[in-house]
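Subject: Structure handover and notes

Dear colleague,

Please find below the structure that I promised to pass on to you.

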Amino acid sequence: TWHLKKIPQIVRERTFSLDSPKFEAKTKLELNSVCGIECQRKLPVPSLSDLKNLLSYETVFENGTRTLTEVNVLGAVLDPAGNTTTRRPSRKKRQIYGTDSRFSIYDKRFMTNFPFNTAVKISTGCSGILVSPKHVLTAAHCLHNGKDYVKGSKRLRVGLMKTKSRGNGRKRKGTSDGMPSFQWTRVKSTHIPKGWFKGVSGNIALDYDYAVLELKRPHKRKYMELGISPTIKMMPGSMIHFSGFDNDRSGQLVYRFCSISDESNDLFYQYCDAEPGSTGSGIYLRLKEPNKKKWKRKIIAVYSGHQWVDINGEQQDYNVAVRITPLKYAQICFWIHGNDENCTQG
């Protein structure tokens with residue numbers, strides 16, 4: 001069953017106007033020298049004042065204006081265990097581990113139906129997932145490099161999948177049913193937590209590599225619900241799943257699933273095969289609830305991408321995802337609804 005947790009409250013305190021961003025940063029889909037597994041073990045538990053700072057957020061609007069919202073955090077349970085992780089053996093430096101286990105989704109019956117149709121393409125080159133009739137969850141570094149917003153984020157757009165036939169409506173021999181094309185929608189506003197910005201978070205920036213985009217017009221598709229990530233031991237079905245638009249399979253929606261190998265309080269380390277382009281995909285769980293025929297799915301993490309980290313003087317790599325903790329659930333839910341009334345159950 002889903003394990004419900006008591007959700008803390010994120011309360012808006014003050015909002016300030018800021019200067020417009022320069023929008024001069026380069027998009028970088030692979031991050032270097034971030035705080036990895038060994039580094040996470042040494043991090044102190046954030047205090048309540050730390051959390052208020054890390055969870056305050058910037059909002060950038062379509063016209064280029066920007067605000068900073070300071071928040072208060074109510075009912076947060078600070079974990080005395082800190083950023084503990086389980087130790088697992090290291091592995092080779094590859095993004096595709098052994099046999100490539102990704103699936104390209106060609107059949108438009110799957111591509112345009114739930115859950116695959118919740119995957120979206122971000123105009124900066126990343127992926128994302130629909131989390132409400134007009135909100136998309138993605139990775140913060142798709143929009144901001146920690147110091148400035150990336151060039152393409154000034155006129156940010158989100159591509160929702162639709163299919164196009166090849167030829168004159170007839171399927172040619174040896175071709176698929178259809179390849180995805182995109183219906184592009186402008187982004188009205190973007191929320192990014194201060195914890196992502198360098199100078200605020202220090203080494204723990206990756207813990208806050210998530211952002212929410214508000215679309216200018218609502219879509220009419222089914223979207224994915226948010227959930228709170230369980231620990232590895234409590235993972236329903238023991239598998240995570242996600243779909244995105246990997247760069248090495250241009251024009252294709254790519255699906256994969258795998259188990260999680262390591263975890264900290266804020267991150268999942270896993271061996272899911274992925275390439276740049278799938279960054280920002282929503283990672284979800286599947287659970288078949290008692291006496292119900294259909295699968296229930298919830299997003300429990302955001303895929304942050306392939307990471308290189310120095311551990312004991314050696315470079316190691318892994319594919320990493322940002323867990324949706326109770327605090328992050330409260331913040332993302334607050335961004336979606338504008339209040340915390342709909343955010344009490346995780």
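The side chain of His241 makes a polar contact with the side chain of Tyr255, at 2.8 Å; a polar contact is a pair of N or O atoms within 3.5 Å, where within protein one must be able to donate a hydrogen and the other to accept it, and where residues adjacent in sequence count only if both atoms are side-chain atoms. Please keep in mind that this is a predicted model, in which local features need pLDDT of at least 70 and side-chain atom pairs count only at pLDDT 80 or more, while totals for chains, interfaces and linings use all residues. Residues are numbered from 1 along each chain as its sequence is written, and side-chain values use heavy atoms, with hydrogens and water left out.

His241 is found in strand β13, residues 240-244 (helices, H or I of at least four residues, and strands, E of at least two, are DSSP runs numbered from the N terminus). With a relative accessible area of 5%, His241 is buried, a word that stands for under 20% relative accessible area, whereas exposed means over 50% and partly exposed in between, for a 1.4 Å probe and protein chains only. Leaving aside neighbours within four places in sequence, His241 is in contact (heavy atoms within 4.5 Å) with several residues, among them Tyr255, Phe257 and Tyr284.

Tyr255 also takes part in an aromatic pair, and its partner is Phe116. A pair of aromatic rings is described by the distance of the centres and the angle of the planes. Rings of Phe, Tyr and Trp (its six-membered ring) pair if their centres lie within 6.5 Å, and planes under 30 degrees apart count as stacked, over 60 as edge-to-face and the rest as tilted. Phe116 and Tyr255 are edge-to-face, at 5.5 Å centre to centre and with 85° between the planes, and they link distant parts of the chain, since Phe116 is in the loop between α3 and β6 and Tyr255 in strand β14, 139 residues apart. Phe116 is buried at 11%, and Tyr255 is buried at 12%.

Tyr210 and Trp335 form a tilted pair, 6.1 Å centre to centre with 40° between the planes. Tyr210 lies in the loop between β10 and β11 and Trp335 in helix α4, so the pair ties together parts that are 125 residues apart in sequence. Ring pairs also link Tyr57, Tyr208, Tyr210 and Trp335 into a cluster, and the count of aromatic pairs comes to nine.

How many salt bridges does a search of the whole structure find? The search finds 10, a salt bridge being a side-chain nitrogen of Lys or Arg within 4 Å of a carboxyl oxygen of Asp or Glu. In one of them, Glu62 is joined to Arg186, with the closest N and O atoms 3.4 Å apart. Glu62 lies in the loop between β3 and β4 and Arg186 in strand β10, so the pair ties together parts that are 124 residues apart in sequence. Glu62, Arg186 and Lys216 are linked in a network of salt bridges. Glu62 is partly exposed at 28%, and so is Arg186 at 33%. Glu263 and Arg323 form another salt bridge, with the closest N and O atoms 3.4 Å apart; here Glu263 is buried at 13% and Arg323 is buried at 7%.
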